[in-house]
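Please review the following briefing alongside the sequence and the coordinates.

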Amino acid sequence: MRFTETELNGAWLVETLPISDARGSFARTFCVDEFREHGLETRFVQHSMSHSVTKHTLRGMHFQTAPHAEVKVVSCIRGAILDVIIDLRPHSPQYRRWTAYELSDSNCRQLYIPKGFAHGFQTLCDDATVSYLISEFYDPQASTGVRWNDQAFAIDWPAKPTVLSDKDQAWPLMDASPA
């Protein structure tokens, strides 16, 4: 695996290095030793998947509050997404900055998202499936988010969402959300 730290401290792009032969390919997607060598979380208590049927479906921007804040490792195992993260750590020099990466079944990239970040994505095709390694158990009381189109972030989404949940439409604007 190849680890590249993003412009937002603590977030990493993890690229698998497939080995190919006549049968196809094989790639390691997680290794405790390699994650530990980079100072990254190695304990993941949940593995989840989401499937989006329609191109330009938007999910986000989600996070869990302390003490249930979570690390996520996100990959797109079918189709393609634009994966977006926002640094919401109040004392970070990159506070309120966002970045995005295309993750797809063909580029085999993963995004390591540290605690204190909001996460969301928009599908770039129909029938996209996203896989998540998650370091903390889901706690509905700690689950929250910020609005996907909040001008405090001015995220440059690829298209107007075709599908967006009521919950994601109702997240507060950043200046109205709890600190």
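**Salt bridges, sheet and selected residues**

R2 is partly exposed, with 44% relative accessible area; here buried means under 20%, exposed over 50%, and partly exposed in between, with a 1.4 Å probe and protein chains only. The model is predicted, and local features need pLDDT of at least 70, side-chain atom pairs count only at pLDDT 80 or more, and totals for chains, interfaces and linings use all residues. Residues are numbered from 1 along each chain as its sequence is written, and side-chain values use heavy atoms, with hydrogens and water left out.

**Salt bridges**

- The whole structure contains 6 salt bridges, each defined as a side-chain nitrogen of Lys or Arg within 4 Å of a carboxyl oxygen of Asp or Glu.
- One of them joins R2 to E15, with 3.9 Å between the closest N and O atoms.
- This pair links distant parts of the chain, since R2 belongs to strand 1 and E15 to strand 2, 13 residues apart; strands are DSSP runs of E with at least two residues, numbered from the N terminus.
- E15 is buried, at a relative accessible area of 19%, whereas R2 is partly exposed.
- Another salt bridge brings together the side chains of R28 and E34, at 3.1 Å from N to O.
- In that pair, R28 is partly exposed at 43% relative accessibility, and E34 is buried at 15%.
- D87 and R89 also meet through their side chains in a salt bridge, with an N to O distance of 2.8 Å.
- D87 is buried, its relative accessible area being 0%, while R89 is partly exposed at 24%.

- An open sheet is built from 6 strands in the order 1-2-10-7-12-5, and the pairing is antiparallel; two strands pair if DSSP finds at least two bridges between them.
- Its edges are formed by strand 1 (2–5) and strand 5 (46–52), each of which pairs on one side only.
- From one strand to the next, the twist averages 25 degrees, based on axes that are lines fitted to C-alpha atoms, with angles running from 0 to 180 degrees between N-to-C directions.
- Strand 1 and strand 2 (residues 12–15) run antiparallel and are joined by 4 bridges.
- T4 stands opposite L13, a residue of strand 2.

**Q110 in strand 10**

- Q110 is located in strand 10 (residues 109–113) and is buried, with 6% relative accessibility.
- A polar atom of the Q110 side chain lies 2.9 Å from the backbone oxygen of T29.
- Not counting residues up to four places away in sequence, Q110 touches W12, L13, V14, T16, T29, V73, V74, S75 and L103, where contact means heavy atoms within 4.5 Å.

**W157 in a loop**

- W157 is found in the loop between strand 13 (143–145) and strand 14 (163–164).
- Why does W157 count as buried? Its relative accessibility is 10%, and buried means under 20%.
- Leaving aside neighbours within four places in sequence, W157 is in contact with L58, M61, L82, V84, G120, F121, Q122 and W148.
- One of these contacts, L82, is 75 residues from W157 along the chain, yet the C-alpha atoms of the two are separated by 8.1 Å.

Notes
A polar contact is a pair of N or O atoms within 3.5 Å; within protein, one must be able to donate a hydrogen and the other to accept it, and residues adjacent in sequence count only if both atoms are side-chain atoms.
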